[in-house]
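Me: I'm new to reading protein models and I'd like a close look at one single part. Could you pick a helix, walk me through it, and then show me how the rest of the chain fits around that picture?

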Amino acid sequence: MEIIRRSLIVTGQVQGVGFRPFVYKLAREECLTGFVGNTSEGVRIEIQGEAARSARFETRLLTEAPPLARVMALRGEVLPLLPEEKKFVIGESLKYAGHHVLVSPDVGICADCRVEMRDPANRRFAYPFVNCTNCGPRYSITRAIPYDRASTTMSCFPLCPECEAEYASPENRRFHAQPTACPVCGPRLWFVARGSAESGPTETTQRDALAQACQTLLTGGILALKGIGGFQLACNARNGTCVRELRRRKFRPHKALALMTADIATARSLCVLTPEHEALLRSPENPVVICSRREDCPLSPDVAPDVNTLGLMLPYTPLHAALFDSLAQTVPLPPVLVMTSANPRGEPLCLGNREALSRLADMADAFLLHDRDILTRVDDSVVSLTPPAPPAAASSSPQKTLFFRRARGYVPHPVFLPQDGPAVLGAGAELKSTVCLTRGNQAFVGQHVGDLENPATLNFYEEVIERLETLLEQRPQAIICDLHPDFLSTRYARERAADEGLPVWPLQHHAAHAAAVLAENNCYDAALALCLDGSGLGDDGGIWGGEVILMNIAQARWQRMGRLSPFPLPGGEAAIHETWRCALALGEECGLSQKNAAPWESEYAQAAQAVREMLARDANCPRTSSCGRLFDAVAAQLGLCLAANYEGQGAIRLETAASGMETAARWPLSINEHDGLLNLDSTGLFAHVLEAQRKKDSIGAIAAAFHLSLAWGIAGMAALAASAANVRKVGLSGGVMQNSIMAQLLPRCLREHGLEPLMHHTLPPGDGGLSLGQAVWGRRMLQDER
């Protein structure tokens with residue numbers, strides 16, 4: 001019988017997920033001695049025993065790992081025997097410079113903890129901070145690696161004897177669960193009414209806190225509650241008056257609000273759910289999942305007036321679960337709550353109690369607070385499912401997650417790169433901003449920050465960069481920013497690069513989109529990308545947004561090969577908000593008078609005349625190839641949205657109008673070459689819209705025909721470009737790819753042309769994903785020493 005001793009280093013997401021307790025139990029089952037401990041380079045294991053048992057241990061280490069663990073690498077070496085060693089133990093955590101550990105995202109409450117919360121005999125009955133090794137806060141409370149209680153915001157809560165015993169018992173689910181707590185030793189919950197003299201955790205404010213919160217919701221009030229990554233605003237979604245009041249206070253008149261239901265059964269009463277939707281709703285990530293609204297949905301249309309979908313999520317913290325359990329005891333119908341981010345006027349989420357009491361004073365009637373500090377703001381993730389592939393391709397192209405917002409539950413999971421490289425920071429764009437920091441063969445895209453349009457959001461943006469650099473122990477060797485000089489992200493990049501003596505390179509907005517979608521799909525050689533969005537500054541100074549890009553990441557080369565034919569944008573940025581200006585401009589380009597039929601004439605007659613004069617004089621009318629502005633123009637022409645109060649509102653309403661149509665006309669569109677670029681005829685497409693209106697076609701029919709014709713036209717232009725460049729792969733990126741109709745049509749049309757479409761599946765196709773493209777481009781630039 002051969003006795004051996006081996007050292008193992010396990011890297012990946014192996015801290016904060018119950019990995020050490022798993023290793024401990026496994027070693028004991030295999031009768032091995034040694035130890036396991038967290039280090040800043042991963043989990044270190046030393047095992048000693050029979051060679052066959054050691055080999056079996058290593059196999060089981062990979063095949064039986066805990067559900068939240070992600071083993072990325074396992075390194076081993078033979079060590080000298082320690083004859084006196086008698087047992088296997090969990091050792092102290094060790095800190096070294098540099099590490100390869102993946103910090104776990106925050107994880108939704110598990111089934112076991114839910115059972116404990118509902119058991120009156122359990123000491124954690126209705127306790128709103130219950131957690132174990134399989135669930136609970138991670139990223140939002142972690143200060144540093146290695147991941148131990150002392151490195152989290154739970155360090156100020158010493159364990160009581162009972163929790164200490166559970167923490168030390170290998171047979172317990174809370175064995176080395178760092179955030180574990182109970183009512184005796186853990187965080188406290190309290191209720192504060194707006195304007196109350198008491199705002200801290202006193203005997204009065206803690207008494208019946210959940211019951212008072214429920215009373216606020218049931219009487220039509222708006223409740224601010226401290227979640228896992230920041231504050232949320234909640235109200236009764238079955239009360240239309242309450243929903244409208246929340247919209248008024250939050251200055252959010254139309255954009256859809258997220259909903260939380262107690263269970264899948266209630267979710268089914270609101271939406272048509274597929275097994276894939278239900279799996280996402282029940283997943284440990286617990287995102288907001290966009291689902292088709294049932295025709296008999298009992299909720300007020302005020303919840304989501306512009307769309308025929310609802311964003312649903314299930315309770316993902318024990319506080320949410322306790323709130324719903326308490327509500328269920330007092331109402332006849334299953335409770336449904338609006339659960340939206342508490343970020344007044346587009347600023348970041350509120351983080352602390354005093355901050356919330358101040359910033360949300362005009363928005364909330366009451367507050368549900370606790371004293372577990374949140375270190376990192378993390379908003380709810382929002383996802384849908386990519387449309388199913390055609391039957392012939394279903395086996396090779398299953399439905400995947402399509403991100404609208406990537407944050408809680410997913411960050412800081414990395415995107416894996418094909419090889420090691422230097423640390424580079426992708427600074428992101430301005431809208432839906434994110435950043436990306438690379439380490440080795442990993443790219444870490446931070447959580448959704450929001451629109452960089454105010455100092456508070458810029459501060460949050462800088463916080464995210466600092467947190468990533470701290471947790472990853474990386475400082476960038478170069479920074480890549482957007483080409484637009486006035487973006488706050490660009491200014492940050494240039495100022496920091498100057499301060500630290502770093503190279504900083506601008507990368508055109510749509511080239512970054514192209515690099516992002518191709519890198520996500522591990523495509524580093526030459527390929528095309530269709531980049532369709534609202535706008536981005538082009539390298540010719542123009543406003544781009546409907547682009548065919550030839551990208552070669554491996555050589556750090558890109559080329560613009562095609563576009564939507566440019567049309568005027570009267571007033572520049574004003575046309576982004578007053579979308580009727582785009583429709584008027586395209587109508588004038590068509591040479592057709594719209595004055596009598598134009599839906600904006602009654603409300604904007606005087607302004608429309610001024611815009612016509614601007615167009616006639618070509619004054620402040622920059623031309624754009626933006627696909628998003630084309631959607632805006634059609635939506636305005638059909639009277640669906642004359643002025644947008646949130647980004648993409650016209651396009652969203654146009655998509656909703658088209659979604660009810662089973663068939664659609666396909667209008668012919670011309671593709672020609674101009675200025676060395678392929679041009680798809682935007683004006684001709686708009687002329688078809690005007691002609692369909694003249695023939696009295698329905699709004700739905702026109703909207704559906706527009707989507708279908710545009711998809712075929714863009715695919716045709718891509719086919720010509722692909723033939724010229726001798727490539728077959730085509731990435732699809734930009735905010736337009738969050739349109740479910742385009743996300744279904746464009747891949748189908750590309751396949752019809754013999755091309756291979758590549759979609760985003762781990763990052764949003766909008767600006768929230770382009771920081772990855774910047775970062776991988778910057779690594780190539782740095783490696784080439786350009």
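Reply: Let's start with a word we'll need: a residue counts as buried when its relative accessible area is under 20%. Keep in mind, too, that this is a predicted model.

Now for the helix, α14, which covers residues 509-520. How many of the 12 residues of α14 are buried? The count is 12 of the 12, so α14 is largely enclosed by the rest of the structure. If you want to find them in the viewer, the buried residues of α14 include three histidines, H509, H510 and H513. Also buried there are A511, A512, A514, A515, A516 and A519, along with V517, L518 and E520.

You can check the length of α14 yourself. At 1.5 Å a residue, its 12 residues should span 16 Å, and the end C-alpha atoms are 17 Å apart, which agrees.

S433 sits in the loop between β19 (424-426) and β20 (436-445). Its relative accessibility is 0%, so S433 counts as buried. Who does S433 touch, leaving out residues up to four places away in sequence? The list is A427, Q447, H448, V449, G450, L452 and Y461.

The other loop holds G16, between β1 (3-15) and α1 (19-29). G16 has a relative accessible area of 14%; that is under the 20% cut-off, so G16 is buried as well. Leaving out residues up to four places away in sequence, G16 touches T133, R138 and Y147. Take T133: it is 117 residues from G16 along the chain, yet their C-alpha atoms are separated by 6.9 Å.

Now zoom out. The chain has 23 helices and 31 strands. Its radius of gyration is 28 Å, close to the 28 Å that the globule rule gives for 786 residues, so the chain is as compact as a globular protein of that length. Along the principal axes, the C-alpha atoms fill a box of roughly 90 × 60 × 55 Å. Of the 786 residues, 60% count as buried.

The accessible surface of the chain is about 30,000 Å², and carbon and sulfur atoms make up 50% of that. There are 76 positive and 84 negative side chains, with the centres of the two sets 3 Å apart.

Terms used: Residues are numbered from 1 along each chain as its sequence is written. This is a predicted model: local features need pLDDT of at least 70, side-chain atom pairs count only at pLDDT 80 or more; totals for chains, interfaces and linings use all residues. Side-chain values use heavy atoms; hydrogens and water are left out. Helices (H or I, at least four residues) and strands (E, at least two) are DSSP runs, numbered from the N terminus. Buried means under 20% relative accessible area, exposed over 50%, partly exposed in between (1.4 Å probe, protein chains only). Contact means heavy atoms within 4.5 Å. The radius of gyration is taken over C-alpha atoms; the globule rule is 2.2 Å times the number of residues to the power 0.38. Accessible areas come from the Shrake-Rupley method with a 1.4 Å probe; for residues, only the protein chains shown count as cover. Lys and Arg count as positive and Asp and Glu as negative; His and the chain ends are not counted. The place of a charge is taken as NZ of Lys, CZ of Arg, CG of Asp or CD of Glu. The expected span of a helix is 1.5 Å times one less than its number of residues.
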